[in-house]
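Let's take a walk through this structure together, looking at its pocket and its aromatic rings. Have the 3D view ready as you read.

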Amino acid sequence: MLSITSWKELSLSLLFCTFCHSFAYTFTITNNCPYTIWPGTLSGSSSPRLSTTGFQLNAGQSTSIPSAPGWSGRIWARTGCTFDASGAGSCQTGDCGGRLECNGAGATPPASLFEITLGTGDTKDFYDVSIVDGYNLPMVATPQGVNGGCNATGCVSNLNMGCPKELQVVGGEGQGNVVACKSACEAFGLDQYCCAGEFANPTTCRPSFYSSIFKRACPRAYSYAYDDGTSTFTCKASDYAIIFCPMNGVQRPKDGETTSPIDESKMEKFPGMASSSNILLPFPMLIGVLFQFISL
């Protein structure tokens with residue numbers, strides 16, 4: 001017969017397990033690009049690492065990564081990577097210390113970022129797609145298993161095709177393709193573009209000529225450090241679908257070719273889209289198990 005102490009321990013264990021299984025989160029990452037990408041994940045300083053911090057994802061593939069209430073971090077995709085059997089190598093964009101598994105290293109700019117802090121209890125999730133640190137791929141983040149109305153968010157335009165020459169990162173198979181678009185902060189290192197020094201507040205740090213180009217192409221994405229008003233979103237969801245190249249794939253431009261960014265009206269397939277911050281937001285939240293991927 002179980003003692004009172006044993007019953008208490010058993011009850012607490014069952015309660016803990018019930019809580020764990022009732023409040024689970026999943027990130028479902030899909031590669032809709034016509035080439036291989038290598039997603040990376042970075043946890044905030046107070047959050048544990050996810051089950052994977054970097055992996056290969058071939059064209060057309062999806063994978064799901066479990067998470068937990070209170071987790072805060074970033075997810076992005078690397079391109080043009082080569083790794084040896086030990087996982088050492090490099091990527092043309094979004095590299096994280098030259099390893100397949102990022103293991104606590106963040107994305108080397110420029111890289112398009114999905115940022116999120118999952119809530120705990122009744123607190124909502126806070127999430128965004130940021131191109132504050134530059135851009136390498138179009139992406140969309142869509143809450144699934146939603147409790148109430150929530151917005152999708154992202155940047156579906158191919159900014160590489162209309163990137164100003166002074167911001168271009170050139171590479172690719174022929175070494176003549178634009179593979180990423182830098183932020184003005186990275187390109188020029190000036191306080192006015194980096195929202196640093198006397199510009200380190202929302203009054204003095206205003207949208208620049210370059211951040212405005214990003215904002216016009218992707219009006220719901222975070223384009224500079226104080227772009228919170230149009231780019232921060234909240235939700236209570238059990239799963240976040242993160243899709244790279246959501247508009248049926250992105251073809252690499254030919255050497256020397258440039259075109260205007262995709263018209264944002266192309267986002268009609270993603271009603272109510274939105275986006276958010278380049279800073280990991282210090283908020284939390286939670287939701288129950290209900291993994292249901294909605295095909296776009």
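**A pocket and its rings**

Three helices, α2 (184–188), α3 (191–194) and α4 (209–217), each supply at least two residues of the lining of the largest pocket. Bear in mind that you are looking at a predicted model.

The volume of this largest pocket is about 270 Å³. Its lining is made up of 23 residues, and those closest to the pocket centre are Val 132, Ser 183, Cys 185, Tyr 193 and Tyr 224. Sorted by class, the lining has 14 nonpolar residues, together with six polar and three charged ones.

Now turn to the aromatic rings, which form ten aromatic pairs in the structure.

How exposed are the partners? Tyr 193 has a relative accessible area of 24%, so it is partly exposed. Tyr 210 has 11% relative accessibility, which is under the 20% cut-off, and therefore counts as buried. Tyr 210 also pairs with Phe 209: the ring centres are 5.1 Å apart and the planes stand at 80°, so this pair too is edge-to-face. Phe 209 itself counts as exposed because its relative accessibility is 55%.

Finally, look for a cluster of rings: Phe 27, Trp 71, Phe 114, Tyr 127, Phe 233 and Tyr 240 are linked by ring pairs.

Technical notes:
Residues are numbered from 1 along each chain as its sequence is written. This is a predicted model: local features need pLDDT of at least 70, side-chain atom pairs count only at pLDDT 80 or more; totals for chains, interfaces and linings use all residues. Side-chain values use heavy atoms; hydrogens and water are left out. On a 1 Å grid over the protein atoms alone, a cavity is a set of points where a 1.4 Å probe fits but cannot get out, and a pocket is an open set with protein on both sides within 12 Å along at least five of seven lines; lining residues have an atom within 4 Å of a point. Grid points are joined across faces, edges and corners, and a volume is the space filled by probe spheres set on the points. Helices (H or I, at least four residues) and strands (E, at least two) are DSSP runs, numbered from the N terminus. Ala, Val, Leu, Ile, Met, Phe, Trp, Tyr, Cys and Pro count as nonpolar, Asp, Glu, Lys and Arg as charged, and the others, Gly among them, as polar. Rings of Phe, Tyr and Trp (its six-membered ring) pair if their centres lie within 6.5 Å; planes under 30 degrees apart count as stacked, over 60 as edge-to-face and the rest as tilted. Buried means under 20% relative accessible area, exposed over 50%, partly exposed in between (1.4 Å probe, protein chains only).
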